[in-house]
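Trainee: I would like to learn how to read cavities, pockets and helices in a model. Could you walk me through one?

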Amino acid sequence: MTTLKTINRIHATELEQLNERIRRVLQTDNSLMSNIVLSLLRTRGKQLRPLLLMMCAGLFGKIDDKVLSAAASVELLHNASLIHDDVVDNSMTRRSQPTVNAVWDNHIAVLAGDYFTSSAMQEAISTGDIRIVESLCKLGRQLSLGEIDQIYNAREHTLDINGYFRIIDYKTASLFVSSAEMGCFAAGAPDEARKILAQYALLFGRCFQIRDDVFDYYPAEQIGKPTGNDLREGKVTLPLLHALEDKSTPGHAHVCALLAKDSLSDEEISFIQAFARDNGGIDYAFEVMLELRENAVAGLATLPQSPIRDELAELFDFIIERQF
């Protein structure tokens, strides 16, 4: 299977051009903001969203300035949302590094997030394509609504699979859908191909979040990083939602009682994690991910054969099989 590292190597030139563009866009003579920007650029993530954007564009043309601007805009807005999320969640670390709010406080973090948002808009506008601007604006709305829905569900202890998918469609999948659409707009792709790739991106985004959620139901020593964080914040995700569907399952009432509490001990977290694992939650999550992959690859098969089309299918495999 082609790994993400292999795909990144194939697209290394485009990714370096992207990162150089982001550095240039965020450049400022404000020393405090410069320090924040440098700290964030040193700890960038997998950059799957701009990579997907450039791959979708690459199916139909070259990676030119318009494509790079679109890719920079979606990556900047994604980072803005992470900065703001860390404030909302009072998170002290991200990617094993201190968050902006942990180092500079919430006030500065909110302003830094706003700076990244404005820079994202600037890059989208520079494409001269109102469809790209519209897609980015729609994305910003969805990210905000998804976060609000998630907070509401956690506070109200809502246990609903449909609600879960609505939240991950807004908070996670929307970034991939917008990336696919913006890549197609930038490259002048046919409408039908854009719709196929947007559907692929929706399924990919759902799978990405489900796989991330699965990690939270294992002991921390097995994963190599803290787990149970979603449960501590009152967020109930797919593995546990499925395990709770059968009310006759031993331990069901106890788990529901625990979930109604305002805070949980480490022992209570471990009990809930084991309940989800022992009652088919993890197996079900993988069944859903494999079904998502099957549908996504079927859609890709309707596009002309190309190396990038194959890479998109293999990228889905990486998401399902990743171990951290």
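Mentor: Let us begin with the largest cavity, whose lining is made up of Asn19, Ile22, Leu26, Leu40, Leu41, Arg44, Gln47, Glu75, Leu76, Asn79 and Phe116. Helix H2 (12-26), H3 and H5 each give two or more residues to that lining. This is a predicted model, where local features need pLDDT of at least 70 and side-chain atom pairs pLDDT 80 or more, while totals for chains, interfaces and linings use all residues. Residues are numbered from 1 along each chain as its sequence is written, and side-chain values use heavy atoms, leaving out hydrogens and water.

Trainee: What counts as a cavity or a pocket?

Mentor: On a 1 Å grid over the protein atoms alone, a cavity is a set of points where a 1.4 Å probe fits but cannot get out; a pocket is an open set with protein on both sides within 12 Å along at least five of seven lines, and lining residues have an atom within 4 Å of a point. Here the count is 1 cavity of 30 Å³ or more, and the volume of the largest cavity is about 90 Å³.

Trainee: Where does Gln47 lie, and is Gln47 buried or exposed?

Mentor: Buried means under 20% relative accessible area, exposed over 50%, partly exposed in between (1.4 Å probe, protein chains only). Gln47 sits in the loop between helix H3 (31-42) and helix H4 (48-58), and is buried because its relative accessible area is 8%.

Trainee: How do I read the second largest pocket?

Mentor: Start with its volume, about 350 Å³. Of its 23 lining residues, Ala154, Arg155, Arg232, Glu233 and Gly234 are the closest to the centre. H8 gives the most to the lining of this pocket, with 6 residues.

Trainee: What span should helix H9 have?

Mentor: Helices (H or I, at least four residues) are DSSP runs numbered from the N terminus, and the expected span is 1.5 Å times one less than the number of residues. For H9 (residues 161-187), the 27 residues should span 39 Å, and the end C-alpha atoms are 36 Å apart, which agrees.

Trainee: Where is the kink in H9 centred?

Mentor: The bend at a residue is the angle between axes fitted to the seven residues ending there and the seven starting there. In H9 the kink is about 55° and is centred on Ala173. Just after H9, Gly188 has a positive phi of about 70°. H9 is also largely enclosed by the rest of the structure, because 23 of its 27 residues are buried.

Terms used:
Grid points are joined across faces, edges and corners, and a volume is the space filled by probe spheres set on the points.
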